[in-house]
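Subject: Structure handover

Hello,

Please find the structure below, with the sequence alongside. My notes on it follow.

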Amino acid sequence: MRGPLLSGLLGSAATLERVCRLLQGHQPTVVLSALWLAEALASSFPVLALVEEEKRSAALRAVRRARKSAYPLLVVSAAEDVPLGRGAVGAILVENLMDVKDQAAAEDLLVGLLPALRPDGVVVSLDATKHQETEARLAGLFLAATLTGIAQVRPREGALLTIGSAPPLTVMAVRAVRPLAVPGELRE
């Protein structure tokens with residue numbers, strides 16, 4: 001299995017094989033925005049890709065290719081507008097989470113995904129980086145989103161996988177009632 005030529009280090013055989021091993025037993029799998037990644041992973045297990053409306057024609061081509069190959073790929077355009085069922089998803093993959101410059105927006109993205117995860121679900125971010133600062137930022141985002149069992153893996157030089165498990169249901173319930181306080185906002 002290999003991603004398209006322009007997918008770079010993230011599309012390498014080593015990276016994709018590692019992602020597949022990590023996701024075994026965590027289906028259904030949802031891939032956000034990265035159509036090439038959804039198509040590559042669909043050769044191993046069922047994948048739902050949520051893509052932006054402007055990727056509609058590319059999505060149609062990907063679905064046709066998957067259908068010819070008998071791969072289980074479903075693509076829905078509208079991305080974050082598609083409501084995922086509560087506790088229905090085994091894994092959510094995000095490509096290049098580090099590209100979200102606003103730390104609060106990246107954290108909100110991760111927190112917004114949590115209700116869709118099953119109790120044993122995982123969130124995986126695939127990023128192309130060699131910088132330890134970026135690794136630390138990604139780990140911090142996962143921690144701030146209350147993900148547990150956070151780990152980072154480098155399947156190959158320049159490719160980083162950040163993995164986090166769904167938080168306990170009690171944490172999810174508290175988070176749904178009131179957002180976690182930010183340090184400095186605790187004063188009253």
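I start with helix H5. Its buried residues pack against helix H4 (103–113), strand E5 (117–128), E6 and strand E7 (159–165). Please keep in mind that this is a predicted model.

The buried residues in question are Thr134, Glu135, Leu138, Leu141 and Phe142. Viewed down the helix axis they fall within an arc of 125°, so they line one face of H5. The face turned away from that buried side carries Gln132, Glu133, Ala136 and Leu143, which are exposed. The pattern has a simple background: an α-helix has 3.6 residues a turn, so residues three or four places apart point the same way. In length, H5 has 13 residues and spans 18 Å from first C-alpha to last, close to the 18 Å expected at 1.5 Å a residue. Threonine 146 follows H5 and has a positive phi, near 65°.

H4 can be read in a similar way. Ala106, Leu110 and Leu113 are the buried residues of H4. They cover an arc of only 65° around the axis, which puts them on the same side of H4. Asp108 and Gly112, on the other side of H4, are exposed. The cover over the buried residues of H4 includes strand E1 (29–32), strand E4 (89–95), E5 and H5.

Side chains of opposite charge can pair when their charged atoms come close.

- Arginine 154 lies in strand E6 (residues 148–156) and glutamate 135 in helix H5 (residues 132–144), so the pair ties together parts that are 19 residues apart in sequence. Glutamate 135 has a relative accessible area of 19% and is buried, while arginine 154, at 31%, is partly exposed.
- Aspartate 120 is partly exposed, with 41% relative accessibility.

Why does glutamate 135 count as buried? The cut-off for buried is under 20% relative accessible area, and glutamate 135 has 19%.

On strand pairing, strand E2 (residues 47–51) and strand E3 (residues 73–77) run parallel and are joined by five bridges. Within this pair, valine 51 has serine 77 in E3 as its bridge partner. Together with helix H3 (residues 56–69), E2 and E3 make a right-handed β-α-β unit.

Finally, the chain as a whole. How many helices and strands does the protein chain have? There are six helices and seven strands, and from the N terminus on they run α-β-α-β-α-β-β-α-β-α-β-β-α. The protein chain has 188 residues, of which 43% count as buried. Among contacts between residues at least 6 apart in sequence, 68% join residues at least 24 apart.

Regards

How values were computed: Residues are numbered from 1 along each chain as its sequence is written. This is a predicted model: local features need pLDDT of at least 70, side-chain atom pairs count only at pLDDT 80 or more; totals for chains, interfaces and linings use all residues. Side-chain values use heavy atoms; hydrogens and water are left out. Buried means under 20% relative accessible area, exposed over 50%, partly exposed in between (1.4 Å probe, protein chains only). Helices (H or I, at least four residues) and strands (E, at least two) are DSSP runs, numbered from the N terminus. The expected span of a helix is 1.5 Å times one less than its number of residues. The arc is that of the directions from the helix axis to the C-beta atoms. Contact means heavy atoms within 4.5 Å. Two strands pair if DSSP finds at least two bridges between them. A crossover is right-handed if, with the strands pointing away from the viewer, the path from the first strand over the helix to the second runs clockwise.
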